Amino acid sequence: MYSTRASIIVDVNTSRPDIENYGLNASYSLTEIATAKVVVTGQTFSRVSYDIPGQAQRFARLRGLRDAETRAAKVIADNIRSRLASYFIAGT
């Protein structure tokens with residue numbers, strides 16, 4: 001699992017970002033315990049954006065990043081859950 005962060009919109013006067021994008025990439029695998037055989041493997045990703053409300057608010061950027069991390073992790077978990085559910089229903 002690894003994350004990325006990019007400034008999307010930058011204020012031309014202060015050179016500080018107004019909107020940033022947070023990305024989370026994850027690889028996963030499901031291994032059968034009895035045989036140690038990998039039965040499902042995959043990769044998923046999530047990209048979410050967050051605003052930085054004003055340059056005078058020092059901790060708003062950190063709070064926005066933390067919220068973006070939580071939202072991205074939830075999307076990753078939902079993607080993996082859906083893939084595993086389809087494996088257990090279909091068997092492939």
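Is Arg81 buried or exposed, and at what relative accessibility? The model is a predicted one, and in it Arg81 counts as exposed because its relative accessibility is 53%, where over 50% is needed.

**Entry on Arg81 and its partner.** I looked next for a charged partner and found that Arg81 forms a salt bridge with Asp78, with the closest N and O atoms 2.7 Å apart. Both residues belong to helix 1, and since they are three residues apart there, about one helical turn separates them. Asp78 counts as partly exposed, at 32% relative accessibility. I note for myself that an α-helix has 3.6 residues a turn, so residues three or four places apart point the same way.

**Entry on a second pair in the helix.** I then looked up Arg63, which forms a salt bridge with Asp67, the closest N and O atoms being 2.8 Å apart. These two residues also lie in helix 1, four residues apart, which is about one turn of the helix. Arg63 is partly exposed with a relative accessible area of 44%, and Asp67 is likewise partly exposed, with 34%.

**Entry on helix 1 itself.** I checked the length of the helix, which runs over residues 60–90: its 31 residues should span 45 Å at 1.5 Å a residue, and the end C-alpha atoms are 45 Å apart, so the two values agree. Among the buried residues of helix 1 I listed Ala60, Gly64, Leu65, Ala68, Ala72, Ile76 and Ile80. The cover over the buried residues of this helix includes strand 1 (2–10), strand 2 (17–32) and strand 3. After the helix comes Gly91, and I wrote down that its phi is positive, near 85°.

**Entry on the aromatic rings.** How many aromatic pairs are there? The count comes to one aromatic pair, formed by Tyr87 and Phe88, whose rings are edge-to-face at 5.2 Å centre to centre with 70° between the planes. Tyr87 is buried, with a relative accessible area of 17%, whereas Phe88 counts as exposed at 59% relative accessibility.

**Entry on Ser46.** I turned to strand 3 (residues 37–51), where Ser46 has its place, and found this residue buried, with a relative accessible area of 3%. Leaving aside neighbours within four places in sequence, Ser46 is in contact with Tyr22, Gly23, Leu24, Ala72, Val75 and Ile76.

**Entry on Ser7 and Glu20.** Ser7 sits in strand 1 and counts as partly exposed, at 40% relative accessibility. Beyond its neighbours within four places in sequence, Ser7 is in contact with Pro17, Ile19 and Glu20, and its side chain makes a polar contact of 3.5 Å with the side chain of Glu20. I also looked up the separation of Ser7 and Glu69, which are 62 residues apart along the chain, and their C-alpha atoms are separated by 15 Å.

The salt bridges come to four in count. One of them joins Glu20 and Arg5, with the closest N and O atoms 3.6 Å apart; because Glu20 lies in strand 2 and Arg5 in strand 1, this pair ties together parts that are 15 residues apart in sequence. Glu20 is buried, with a relative accessible area of 1%, while Arg5 counts as partly exposed at 47% relative accessibility.

Definitions and conventions. Residues are numbered from 1 along each chain as its sequence is written. This is a predicted model: local features need pLDDT of at least 70, side-chain atom pairs count only at pLDDT 80 or more; totals for chains, interfaces and linings use all residues. Side-chain values use heavy atoms; hydrogens and water are left out. Buried means under 20% relative accessible area, exposed over 50%, partly exposed in between (1.4 Å probe, protein chains only). Contact means heavy atoms within 4.5 Å. Rings of Phe, Tyr and Trp (its six-membered ring) pair if their centres lie within 6.5 Å; planes under 30 degrees apart count as stacked, over 60 as edge-to-face and the rest as tilted. The expected span of a helix is 1.5 Å times one less than its number of residues. A polar contact is a pair of N or O atoms within 3.5 Å; within protein, one must be able to donate a hydrogen and the other to accept it, and residues adjacent in sequence count only if both atoms are side-chain atoms. A salt bridge is a side-chain nitrogen of Lys or Arg within 4 Å of a carboxyl oxygen of Asp or Glu.
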